[in-house]
Amino acid sequence: MSKNWYPILNYEACTVCGACIKKCSHGVFADKGGMMVVVNPVGCVEGCHGCQKLCPAGAISYFGENDPKVTPSGCGCDCK
Ligand code: SF4
Ligand code: SF4
(Lines give C-alpha, C1' and ligand atoms only; values in the text may rest on other atoms or scores of the structure.)
(Ligands and ions follow the chains in the order given, each with its own letter.)
Protein backbone atom coordinates (compact mmCIF):
# COMPACT_ATOMS: atom_id res chain seq x y z
CA MET A 1 0.00 0.00 0.00
CA SER A 2 1.21 3.45 -0.80
CA LYS A 3 1.34 7.00 0.44
CA ASN A 4 3.31 7.99 -2.64
CA TRP A 5 0.64 7.06 -5.16
CA TYR A 6 -3.10 7.59 -5.20
CA PRO A 7 -5.82 8.75 -7.57
CA ILE A 8 -6.86 12.36 -7.95
CA LEU A 9 -10.32 12.95 -9.40
CA ASN A 10 -11.39 15.69 -11.76
CA TYR A 11 -14.80 16.39 -10.29
CA GLU A 12 -15.94 18.42 -13.28
CA ALA A 13 -15.29 15.47 -15.61
CA CYS A 14 -16.50 12.63 -13.37
CA THR A 15 -19.94 11.27 -14.23
CA VAL A 16 -20.10 9.06 -11.11
CA CYS A 17 -20.46 6.00 -13.33
CA GLY A 18 -19.01 3.72 -10.65
CA ALA A 19 -16.42 1.98 -12.84
CA CYS A 20 -13.58 2.90 -10.49
CA ILE A 21 -15.32 1.47 -7.41
CA LYS A 22 -16.17 -1.68 -9.30
CA LYS A 23 -12.57 -2.09 -10.48
CA CYS A 24 -10.75 -1.37 -7.25
CA SER A 25 -10.72 -4.02 -4.57
CA HIS A 26 -8.82 -1.83 -2.11
CA GLY A 27 -11.61 0.43 -0.88
CA VAL A 28 -10.03 3.57 -2.28
CA PHE A 29 -13.27 5.07 -3.62
CA ALA A 30 -16.69 5.74 -2.17
CA ASP A 31 -19.86 7.27 -3.55
CA LYS A 32 -20.74 10.02 -1.11
CA GLY A 33 -24.20 11.28 -1.88
CA GLY A 34 -23.76 11.05 -5.63
CA MET A 35 -20.17 12.27 -5.68
CA MET A 36 -17.20 9.95 -6.19
CA VAL A 37 -14.57 10.52 -3.50
CA VAL A 38 -11.13 9.11 -2.73
CA VAL A 39 -11.66 7.96 0.85
CA ASN A 40 -8.70 5.63 1.33
CA PRO A 41 -5.69 6.94 -0.61
CA VAL A 42 -3.22 4.79 1.35
CA GLY A 43 -5.10 1.70 0.11
CA CYS A 44 -4.04 2.45 -3.45
CA VAL A 45 -1.33 0.21 -4.89
CA GLU A 46 1.80 2.02 -6.01
CA GLY A 47 2.02 2.22 -9.79
CA CYS A 48 -1.44 0.76 -10.44
CA HIS A 49 -3.44 2.39 -13.28
CA GLY A 50 -6.44 0.07 -13.17
CA CYS A 51 -9.18 2.58 -12.47
CA GLN A 52 -7.73 5.20 -14.80
CA LYS A 53 -7.80 2.76 -17.70
CA LEU A 54 -11.49 2.06 -17.13
CA CYS A 55 -12.66 5.60 -16.45
CA PRO A 56 -14.78 6.64 -19.45
CA ALA A 57 -14.48 10.31 -18.58
CA GLY A 58 -10.71 10.56 -18.27
CA ALA A 59 -11.26 11.92 -14.79
CA ILE A 60 -8.50 10.04 -12.96
CA SER A 61 -4.89 11.09 -12.63
CA TYR A 62 -2.36 10.11 -9.97
CA PHE A 63 -0.38 11.79 -7.30
CA GLY A 64 3.11 10.38 -7.86
CA GLU A 65 2.73 9.84 -11.62
CA ASN A 66 6.03 11.52 -12.43
CA ASP A 67 7.90 10.38 -9.34
CA PRO A 68 10.91 8.30 -10.46
CA LYS A 69 10.81 6.42 -7.13
CA VAL A 70 7.41 4.91 -7.90
CA THR A 71 7.72 1.30 -8.94
CA PRO A 72 5.36 -0.73 -11.15
CA SER A 73 2.31 -2.14 -9.43
CA GLY A 74 2.25 -5.58 -7.95
CA CYS A 75 -1.47 -5.60 -7.37
CA GLY A 76 -2.13 -8.50 -9.71
CA CYS A 77 -4.66 -6.83 -11.99
CA ASP A 78 -4.07 -6.41 -15.72
CA CYS A 79 -3.60 -2.67 -15.63
CA LYS A 80 0.15 -2.31 -16.01
S1 SF4 B 1 -14.68 5.74 -13.35
FE2 SF4 B 1 -14.25 7.92 -13.73
S3 SF4 B 1 -16.23 8.83 -14.32
FE4 SF4 B 1 -16.65 6.83 -13.36
S5 SF4 B 1 -17.01 7.34 -11.20
FE6 SF4 B 1 -14.85 6.81 -11.37
S7 SF4 B 1 -13.78 8.78 -11.70
FE8 SF4 B 1 -15.96 9.11 -12.10
S1 SF4 C 1 -4.95 2.77 -9.10
FE2 SF4 C 1 -5.46 0.60 -8.72
S3 SF4 C 1 -5.32 0.33 -6.50
FE4 SF4 C 1 -5.37 2.53 -6.91
S5 SF4 C 1 -7.50 3.12 -6.73
FE6 SF4 C 1 -7.16 2.64 -8.89
S7 SF4 C 1 -7.64 0.45 -9.17
FE8 SF4 C 1 -7.44 0.87 -6.95
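From the C-alpha atom of Gly18 to that of Phe29 is 9.2 Å, and the two residues are eleven apart along the chain.

Before going on, the ground rules. This is a predicted model, in which local features need pLDDT of at least 70 and side-chain atom pairs count only at pLDDT 80 or more, while totals for chains, interfaces and linings use all residues. Residues are numbered from 1 along each chain as its sequence is written, chains are lettered from A and ligands numbered from 1 in the order in which they are written, and side-chain values use heavy atoms, with hydrogens and water left out.

Now the overall layout. The protein has two helices and four strands, and from the N terminus on they come in the order β-α-β-β-α-β. Of its 80 residues, 32% are buried.

Back to the loop. Val16 also belongs to the stretch between β1 (6-9) and α1 (19-23). Its phi is near 55°, a positive value in a residue other than glycine. Val16 is partly exposed, with 27% relative accessibility.

Next, ligand 1. Which residues surround ligand 1? They are Leu9, Cys14, Thr15, Val16, Cys17, Gly18, Ala19, Cys20, Met36, Cys55, Ala57 and Ile60, where near means that a heavy atom of the residue lies within 4 Å. By class, this shell holds ten nonpolar residues, two polar and no charged. Here Ala, Val, Leu, Ile, Met, Phe, Trp, Tyr, Cys and Pro count as nonpolar, Asp, Glu, Lys and Arg as charged, and the others, Gly among them, as polar.

Cys55 lies in the loop between α2 (50-54) and β4 (60-63) and is buried, at 19% relative accessible area. Cys55 and Thr15 are 40 residues apart along the chain, and their C-alpha atoms are separated by 9.5 Å.

On to the empty space. Rolling a probe the size of a water molecule over the atoms shows where such space is left. A cavity is a set of points, on a 1 Å grid over the protein atoms alone, where a 1.4 Å probe fits but cannot get out, and lining residues have an atom within 4 Å of a point. Points are joined across faces, edges and corners, and volume is the space filled by probe spheres set on them. The count is one cavity of 30 Å³ or more. The largest cavity holds about 90 Å³. Its lining has 14 residues, with Cys14, Cys17, Cys20, Cys55 and Ile60 nearest the centre, and divides into twelve nonpolar, two polar and no charged. Ligand 1 sits in this cavity, in that more than half of its atoms lie within 2 Å of the grid points.

Last, ligand 2. Around it are Pro7, Cys24, His26, Val28, Phe29, Cys44, Val45, Cys48, Cys51 and Tyr62. That makes nine nonpolar, one polar and no charged. Cys44 is buried at 7% relative accessible area, and Cys48 is buried at 14%. With a disulfide taken as a pair of cysteine sulfur atoms within 2.5 Å, the count is zero disulfides.

Definitions and conventions
Buried < 20%, exposed > 50% of the residue type's maximum accessible area, 1.4 Å probe, protein only. 1 Å grid on protein atoms, 1.4 Å probe; cavity = no way out; pocket = protein on both sides within 12 Å on 5 of 7 lines; lining within 4 Å.
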